[in-house]
Amino acid sequence: MLQINRERFLSDFEAVSQFGATNDGGVSRPALSEPDMAARNWLKERIEAAGLVYSQDTAGNQFGRLIGADDSRVILTGSHLDSVPDGGRFDGALGVLASLEAIRVIKESGNLPPLSLELVNFTDEEGTLLGLMGSRAVVGQIKPSEFENPRGGRSHLISSMDRAGLTEAGVMNAKRDDIAAYLELHIEQGKRLLAGGTDIGAVTALVGIRSYSLHFYGQAAHAGTTPMTERADALWAATEFIQKAKDHIMKHYTPGVVNFGMIEAHPGAFNIVPGEVVLAMEFRHGSDEAMDNMAADLLQLAHEVTNTDNLSLTVENAASIHPAPMSDLVVQAVETACTQLDLGSMRLLSFAGHDAQSIAQVAPAGMLFVPSVDGISHNPAEYTRPDDMVNGANVVLHSLLALFGKLV
Ligand SMILES: [Zn+2]
């Protein structure tokens with residue numbers, strides 16, 4: 001049975017971790033910064049040394065291609081080398097190097113793949129520039145307006161793009177339509193795998209996010225002279241709703257989550273019964289159906305607690321991001337690989353965003369997670385054990401081989 005080369009893989013990981021290394025063991029390698037550019041040069045050399053065909057598209061995505069019998073379609077596999085400022089070594093970089101190693105081993109096996117395989121390092125997954133910039137460019141989703149007022153400021157965006165020789169027109173014209181499937185290894189960034197003693201997570205969906213502003217209306221009143229039995233306290237209603245919503249979601253929608261991240265009471269004084277409360281509500285789950293049901297239940301609960309003569313409720317839709325279901329084809333390939341390698345796996349949702357959600361819009365996409373010690377991520381203390389890194393890379397290798405069987 002084919003196995004990845006453990007020493008080579010771990011030593012490559014050590015090498016890439018030096019780019020932007022911080023003295024607390026993390027990395028600071030924001031997209032297209034000097035350390036990121038150095039890491040990208042290093043990756044280009046490693047791709048060429050492996051005998052793969054190197055290329056870079058007009059969004060700065062880097063590729064390493066192993067040409068197969070059918071070179072009109074590719075299985076894309078990889079992740080991102082950029083990091084958040086003062087982040088950890090493993091987020092993104094581990095997936096890129098696991099895919100590089102898997103493709104090298106397939107090449108060395110001497111068997112011509114039935115279709116081409118391509119390593120990818122996506123530009124700016126973390127969003128110090130635009131967010132999922134490279135992967136959204138590949139599916140033709142970057143809009144001109146995004147360059148006007150980006151998250152990190154326009155001058156930072158333009159100077160970073162200049163450093164890599166990228167242009168706005170280029171980023172908007174990087175769409176491709178030859179992707180047969182996409183596979184990404186990533187650290188879990190949570191504790192579910194370690195808690196379950198499970199080696200590998202097969203991701204079934206990246207969750208969607210919906211948010212609402214709820215306005216609870218009562219009657220502002222004197223906090224001393226108004227008897228408790230006669231108050232229309234908007235905050236009492238809001239807090240009753242929060243408790244009921246928490247219980248309901250935990251009971252009926254686990255692993256879905258709900259959050260009340262902001263609350264304002266008006267007029268806002270020690271001695272006035274709150275007459276109005278504004279509550280920020282956000283919830284996440286893995287399918288549109290689950291999200292629709294959560295929305296209906298939560299709004300019904302909010303209406304129930306305000307269903308009296310002296311209370312009322314209005315609801316504003318704040319934002320909505322659809323869940324990104326992963327492809328059964330890829331989920332099953334990951335599970336097949338785990339069985340072959342005698343590794344335990346569990347299906348789970350990703351509560352963080354990843355490049356896979358972009359590619360899922362145009363091709364069967366899937367992800368596998370490896371355990372994160374203590375669930376820590378976006379932090380220099382982020383850590384994944386070497387055995388788990390190696391297990392993950394072997395699962396990438398055998399998932400790719402399983403996908404050949406499914407796609408040809
Ligand atoms: Zn990541």
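Trainee: Which polar atom contact does the side chain of D57 make with a backbone nitrogen, and at what distance?

Mentor: Before we start, remember that this is a predicted model. To read a contact like that, find the two atoms and check how far apart they sit. Here a polar atom of the D57 side chain lies 2.9 Å from the backbone nitrogen of N61. D57 is in the loop between strand 1 and strand 2, and N61 is found in that loop too, with strand 1 covering 53-56 and strand 2 covering 62-66.

Trainee: Is D57 buried or exposed?

Mentor: The idea is to look at relative accessible area, where buried means under 20%. D57 has 16%, so it counts as buried. Leaving out residues up to four places away in sequence, D57 touches F63, V138 and A174.

Trainee: Next, cores. Which residues touch the most other members of the largest nonpolar core?

Mentor: First the general idea: in soluble globular proteins, nonpolar side chains tend to be buried together. In this model the largest nonpolar core has 78 residues, and F9, V16, I75, L94 and V395 touch the most other members. Helix 12 (residues 386-407) gives the largest share of this core, 11 residues. There's also a second, separate core of 26 residues, with L214, A232, F241 and I242 among them.

Trainee: How do I check a helix? Say, how far apart are the end C-alpha atoms of helix 3?

Mentor: Helix 3 (residues 93-108) has 16 residues, so at 1.5 Å a residue it should span 22 Å; its end C-alpha atoms are 23 Å apart, which agrees. This helix is mostly covered, with 14 of its 16 residues buried. Just after helix 3, G110 takes a positive phi of about 85°.

Trainee: Which strands pair with strand 6, and is each pairing parallel or antiparallel?

Mentor: For strands, ask who the partner is and in which sense they pair. Strand 6 (residues 200-206) has 6 of its 7 residues buried. It pairs with strand 14 (residues 345-350) in the parallel sense over 6 bridges, and there A205 stands opposite L349. With strand 15 (residues 365-370), strand 6 pairs in the antiparallel sense over 3 bridges, where F369 is the bridge partner of G201. Strand 6 is also antiparallel to strand 13 (residues 324-325), over 2 bridges, and L206 has A324 as its bridge partner there.

Trainee: Last one: what domains does the assignment give?

Mentor: The domain assignment gives domain 1 (6-206 + 323-407) and domain 2 (208-318). Their C-alpha centres lie 40 Å apart, and 5 residues of domain 1 are in contact with 9 residues of domain 2.

Terms used:
Residues are numbered from 1 along each chain as its sequence is written. This is a predicted model: local features need pLDDT of at least 70, side-chain atom pairs count only at pLDDT 80 or more; totals for chains, interfaces and linings use all residues. Side-chain values use heavy atoms; hydrogens and water are left out. A nonpolar core is a set of buried Ala, Val, Leu, Ile, Met, Phe, Trp, Tyr and Cys residues joined through side-chain atoms within 4.5 Å. Buried means under 20% relative accessible area, exposed over 50%, partly exposed in between (1.4 Å probe, protein chains only). Helices (H or I, at least four residues) and strands (E, at least two) are DSSP runs, numbered from the N terminus. The expected span of a helix is 1.5 Å times one less than its number of residues. Two strands pair if DSSP finds at least two bridges between them. Domain bounds come from an automatic or database domain assignment. Contact means heavy atoms within 4.5 Å. A polar contact is a pair of N or O atoms within 3.5 Å; within protein, one must be able to donate a hydrogen and the other to accept it, and residues adjacent in sequence count only if both atoms are side-chain atoms.
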